[in-house]
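Dear colleague,

Please find below the structure that I am handing over to you. My findings follow directly after it.

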Amino acid sequence: MRPYSGERLCERCFCQSIETKVRATISKYNMFNHDDRIVVAVSGGKDSITLLHILAKIEKDFANAPLSAVTVDEGIKGYRDEALEIAEENCHQLGVEHLKVSFREMYGLEMDQIAKKIQQKEEKGLTPCSYCGVLRRKALNTEAREAGADKLATAHTLDDETQTMILNIIHGDPLRIARVKPVLPVIHPKLVQRVKPLCEVPEREAAFCAYLRKIEFQGIPCPYAGAALRNDARDMLNRMERKHAGTKYTIFRSMEKLRSSLATPTEQELGECEVCQEPTGGEVCRACQMLEELQDL
Ligand code: SF4
Ligand code: ZN
């Protein structure tokens with residue numbers, strides 16, 4: 001039973017309901033045009049693998065909307081190598097082109113090396129995830145753009161979106177809530193538009209659907225995940241959801257209302273990074289600044 005809605009569904013109807021939810025989200029936010037070239041970011045985890053399977057099914061209805069997948073290999077031994085194989089296998093089964101990009105080839109450094117280098121800085125709040133997030137976003141955008149993508153679909157779930165809202169408040173930056181959207185605006189020609197078709201699907205349901213359909217996904221967590229503040233936001237929201245079913249949806253709807261009533265922050269004018277020529281609000285992009293800092297450690 002779904003505690004937040006009271007629905008009782010058999011296995012088949014449960015999975016069908018997830019697909020229906022995703023289709024409704026795509027349509028509600030006008031995520032895709034009928035001829036978009038779509039690249040889906042697939043890490044190999046439950047959310048992205050579920051999204052890949054659903055989009056591969058939906059794509060069959062749109063002959064002019066080709067779908068590819070991209071996986072970023074951050075260089076995390078014993079974790080990402082297994083996820084890469086799982087992503088590859090799922091793409092192969094679905095007949096979806098699988099693109100790969102690695103931190104090593106893009107930045108000349110792997111996450112394991114970065115994590116070692118920043119150990120001494122941890123007391124200042126810098127975690128491996130702070131670096132990984134920035135570098136992965138850049139890698140995904142570059143790879144998707146080079147593949148000619150019109151849309152880059154990411155597997156952010158209802159949980160990710162509500163955690164981000166809480167984190168924005170914890171970081172003292174509530175106006176950012178207006179910028180966290182299911183479809184991000186295109187603010188520079190070199191940025192591929194990002195869309196989040198799973199933003200109204202709870203993470204547990206995405207995982208359960210993959211489990212019921214016997215879809216293989218990576219179950220072990222990243223060895224660096226424990227250090228992130230996001231984990232505390234996740235635990236808090238999960239506790240509230242267990243006690244007060246529907247909390248995450250209520251927060252998501254509140255975000256939607258806030259977004260429309262918050263003065264829309266003027267989108268920052270982006271130029272190009274002096275080092276890598278990728279879009280940035282400053283002279284040097286955050287990824288290049290981080291790589292420069294790492295040289296000095
Ligand atoms: Fe990167 Fe952190 Fe995710 Fe691990 S948990 S893949 S370090 S962002
Ligand atoms: Zn740069």
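A residue is called buried here if its relative accessible area is under 20%. By that criterion, 49% of the 297 residues in the protein chain are buried. Please note that this is a predicted model.

Overall dimensions

The radius of gyration of the protein chain is 19 Å, which agrees with the value near 19 Å that a compact globule of 297 residues would have. Along the principal axes, the C-alpha atoms fill a box of roughly 55 × 40 × 40 Å. The accessible surface amounts to about 15,200 Å², and carbon and sulfur atoms contribute 51% of this area. Among contacts with a separation of 6 or more, 76% are between residues 24 or more positions apart.

Secondary structure and the sheet

The protein chain contains eleven helices and seven strands. Five strands make up an open sheet with parallel pairing, in the order 3-2-1-4-5. Strand 3 (97-102) and strand 5 (193-195) lie at the edges, each pairing on one side only. On average, neighbouring strands of this sheet are turned by 30° against each other, direction ignored.

Within the sheet, strand 1 (residues 38-41) and strand 2 (residues 67-73) run parallel and are joined by four bridges. One pair of bridge partners is Val 40 and Ala 69, the latter in strand 2. Helix 6 (residues 128-146) packs on the sheet and touches strand 1, strand 2, strand 3, strand 4 (151-153) and strand 5. The direction of helix 6 makes about 145° with that of strand 2.

With kind regards

Terms used. Residues numbered from 1 in each chain as written. Chains lettered and ligands numbered in written order. Predicted model: local features only at pLDDT ≥ 70, side-chain atom pairs only at ≥ 80, totals over all residues. Heavy atoms only, no water. Pairing = 2+ DSSP bridges. Helix = DSSP H or I, 4+ residues; strand = E, 2+ residues; numbered from the N terminus. Axes fitted to C-alpha atoms, helices over the stretch in contact; angles between N-to-C directions. Contact = heavy atoms within 4.5 Å. Rg over C-alpha atoms; globule rule 2.2 N^0.38 Å. Buried < 20%, exposed > 50% of the residue type's maximum accessible area, 1.4 Å probe, protein only. Areas by Shrake-Rupley, 256 points an atom, 1.4 Å probe, with all protein chains shown as cover.
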